[in-house]
Amino acid sequence: MQEVGNDSLTYLNVSHNYLTEVEHFPWKNIAVLDLSSNLIRGNLPIPASTINVFLISNNSFNGEVSSLICNVTSLQILDLSHNNLSGTIPQCFENLSNSLEFLNLKKNKFYGTIPPTFAKGCRLTNLNLNGNLLGGPLTPSILNCRGLEVLDLGNNKINDTFPHWLGSLPQLQVLVLKSNQMHGSLHDHSSKFSPCFSKIQIFDLSSNYFSGPLPVRYINNFKAIINLKKNGSARSYMGLKYASINSGFYTYSIGIVTKGTYMELEKICTMWMIIDLSAANTSHSSRIVFVSSSFVLVLVLFLFAAAIVPTLSNNQFVGEIPKVIGKLNLLKGLNLSHNNLNGRIPTSVGNLTSLEWLDLSSNRLSGTIPNKLADLPFLSSLNVSENQLHGQITQGKQFNTFGNDSYEGNKGLCGFPVSKGCKIIEPAPPNVLEKNGSKSNIAFGWKVVLIGYGCGIVLGMSVGYAVFQTCKPEWLVNLVENQHEKRRRRKSKNGNRSNRRSRA
């Protein structure tokens with residue numbers, strides 16, 4: 001096989017097999033070489049200088065990456081992910097800045113710092129260093145990669161504050177800083193980088209030490225989510241088109257937690273928008289897949305996911321859920337769980353008509369569940385457990401399908417499906433006087449009438465007693481005495497008549 005097409009072979013794909021060894025690459029004009037998803041061990045081989053696409057992901061290569069790979073100046077796509085490669089990232093990668101567009105070193109054992117220098121004119125559109133042992137701060141020279149669309153530095157040991165300056169990258173759509181040692185507030189007083197993150201759709205800051213309120217300014221600038229419209233483009237999945245192959249395209253996948261379940265997305269649809277501020281023990285994984293068909297751009301939104309891991313504390317976002325969340329009307333998932341958010345659930349969440357799952361669990365939210373949430377037509381998963389909510393649980397439509405686990409830990413909630421019933425207050429009997437179909441402004445209840453009678457009797461007797469004890473009304477006394485004198489005279493006359501009759 002190595003003897004076939006020594007001078008003419010330009011494309012070779014032997015991926016997804018059980019190959020265990022590759023001796024050398026004899027093809028002098030090879031442009032695309034795909035050895036991914038095999039069982040190949042040993043040191044990383046260096047391909048011919050003519051290669052444009054070199055894919056060896058999901059193997060068992062080990063050892064350090066030789067700096068000789070930087071002599072392959074025509075490299076456009078380099079995927080070394082999911083191996084056992086170690087050592088530091090070769091500093092000479094900046095020599096590839098004029099050609100390299102896609103660099104994936106995910107899930108290896110690289111240590112040290114991220115290369116401190118990205119040359120001017122850097123053509124990188126996708127840089128993925130997720131799942132290594134890289135530390136130190138981020139380097140602002142990344143701003144030299146003006147066309148950068150994807151920056152995934154998650155699951156490392158990066159120690160820095162939030163890089164607000166990344167907001168000035170005009171094409172940045174995916175930013176993953178998950179599971180690092182980053183800290184501080186996301187509030188930025190500077191207007192130097194405004195408008196910031198206007199094209200962002202994946203924004204994952206999980207498992208760090210970020211604190212303070214949720215960044216309303218950033219949410220207001222997520223214009224790609226607020227104003228995203230179908231523009232008739234053929235790009236629907238995130239990836240990179242390879243110009244040397246007719247209709248060739250590389251996509252990447254990402255792991256997400258949707259409706260409480262971890263899932264791997266091999267292709268991510270542009271219309272799938274997700275905000276995740278949760279604390280969940282999950283990890284992202286991505287890989288490059290060669291697809292011989294036309295491609296489209298893919299975007300998903302992960303916002304400040306706060307994942308629980310043994311060695312890192314949760315993010316501690318505080319304050320109320322901003323009402324501006326309701327502007328992101330293309331969201332399919334909203335996860336703000338495991339933070340210290342308080343206040344009420346804003347009714348503006350009811351404007352997210354595309355929402356399929358909502359997780360606000362493990363916060364300090366209070367108040368009632370907005371009835372407007374029952375009008376969300378696609379809501380199929382809800383979790384507001386472990387909060388301080390109270391009142392009757394919203395009923396009807398999708399809410400009739402949610403179980404008790406969606407509400408547990410809220411002692412004040414009552415009604416279906418929790419076991420605690422709500423005290424039903426019977427309406428008062430009709431007591432409004434109506435005449436000619438119109439209601440009178442005066443209404444009487446029997447309790448009010450009884451109270452009135454009782455008070456009147458007591459008050460009348462008290463006033464009467466006080467009057468007779470202090471100053472007798474002359475007209476009343478004369479009236480009573482005259483009546484009494486008349487009765488006495490009648491009795492006297494009647495008595496005399498009786499005596500006369502008896503004598504007779």
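## Charged pairs and interior

Lys397 is exposed, with 58% relative accessible area. Here exposed means over 50% relative accessible area, buried under 20%, and partly exposed in between (1.4 Å probe, protein chains only). The model is predicted: local features need pLDDT of at least 70, side-chain atom pairs count only at pLDDT 80 or more, and totals for chains, interfaces and linings use all residues. Residues are numbered from 1 along each chain as its sequence is written, and side-chain values use heavy atoms, with hydrogens and water left out.

**Salt bridges.** Lys397 forms a salt bridge with Asp375, at 3.2 Å from N to O. A salt bridge is a side-chain nitrogen of Lys or Arg within 4 Å of a carboxyl oxygen of Asp or Glu. Lys397 sits in the loop between β30 (388-392) and β31 (412-414), and Asp375 in the loop between β28 (364-367) and β29 (381-383), so the pair ties together parts that are 22 residues apart in sequence. Strands (E, at least two residues) and helices (H or I, at least four) are DSSP runs, numbered from the N terminus. Asp375 is partly exposed, at 48% relative accessible area.

The structure holds three salt bridges. They are listed here.

| Pair | Closest N to O distance |
|---|---|
| Arg123 and Glu101 | 3.3 Å |
| Lys28 and Asp7 | 3.9 Å |

Arg123 and Glu101 meet in a salt bridge, with their closest N and O atoms 3.3 Å apart. Arg123 belongs to the loop between β9 (109-113) and β10 (126-128), Glu101 to the loop between β7 (84-87) and β8 (102-104), so this pair also ties together parts that are 22 residues apart in sequence. Arg123 is partly exposed at 43% relative accessible area. Glu101 is buried at 13% relative accessibility.

In the salt bridge of Lys28 with Asp7, the closest N and O atoms are 3.9 Å apart. This pair links distant parts of the chain, 21 residues apart: Lys28 is in the loop between β1 (11-13) and β2 (32-34), and Asp7 in the segment before β1. Lys28 is exposed, with 54% relative accessible area.

Asp152 lies in strand β12 (residues 150-152). Asp152 is buried yet has no salt bridge. Its nearest side chain of opposite charge is Lys106, 4.8 Å away. For this count Lys and Arg are positive and Asp and Glu negative, while His and the chain ends are not counted. Beyond its neighbours within four places in sequence, Asp152 is in contact (heavy atoms within 4.5 Å) with Leu127, Asn128, Leu129, Asn130 and Val176.

**Overall make-up.** The chain has four helices and 33 strands. Of its 504 residues, 48% count as buried. Among contacts between residues at least 6 apart in sequence, 56% join residues at least 24 apart.

**Cores.** In soluble globular proteins, nonpolar side chains tend to be buried together. A nonpolar core is a set of buried Ala, Val, Leu, Ile, Met, Phe, Trp, Tyr and Cys residues joined through side-chain atoms within 4.5 Å. The largest here has 94 residues, and Phe162, Leu175, Phe197 and Tyr407 have the most contacts inside it. Apart from that core lies another, of six residues, including Ala31, Val32, Val53 and Leu55.

Residues up to four places away in sequence aside, Tyr407 touches a set that includes Ile369, Leu382, Phe399, Phe402 and Pro417. Pro417 is in the loop between β31 and β32 (432-435). The peptide bond from Phe416 to Pro417 is cis, with omega near 10°.

**Buried loop residues.** Ser97 is in the loop between β7 and β8. Ser97 is buried, at 10% relative accessible area. Ser97 touches Ala119, Gly121, Cys122 and Arg123, leaving out residues up to four places away in sequence. Gln201 is in the loop between β15 (183-185) and β16 (202-204). Gln201 is buried at 2% relative accessibility.

**Backbone.** His338 has a positive phi of about 55° although it is not a glycine. His338 lies in the loop between β25 and β26 (340-343) and is partly exposed at 26% relative accessibility.
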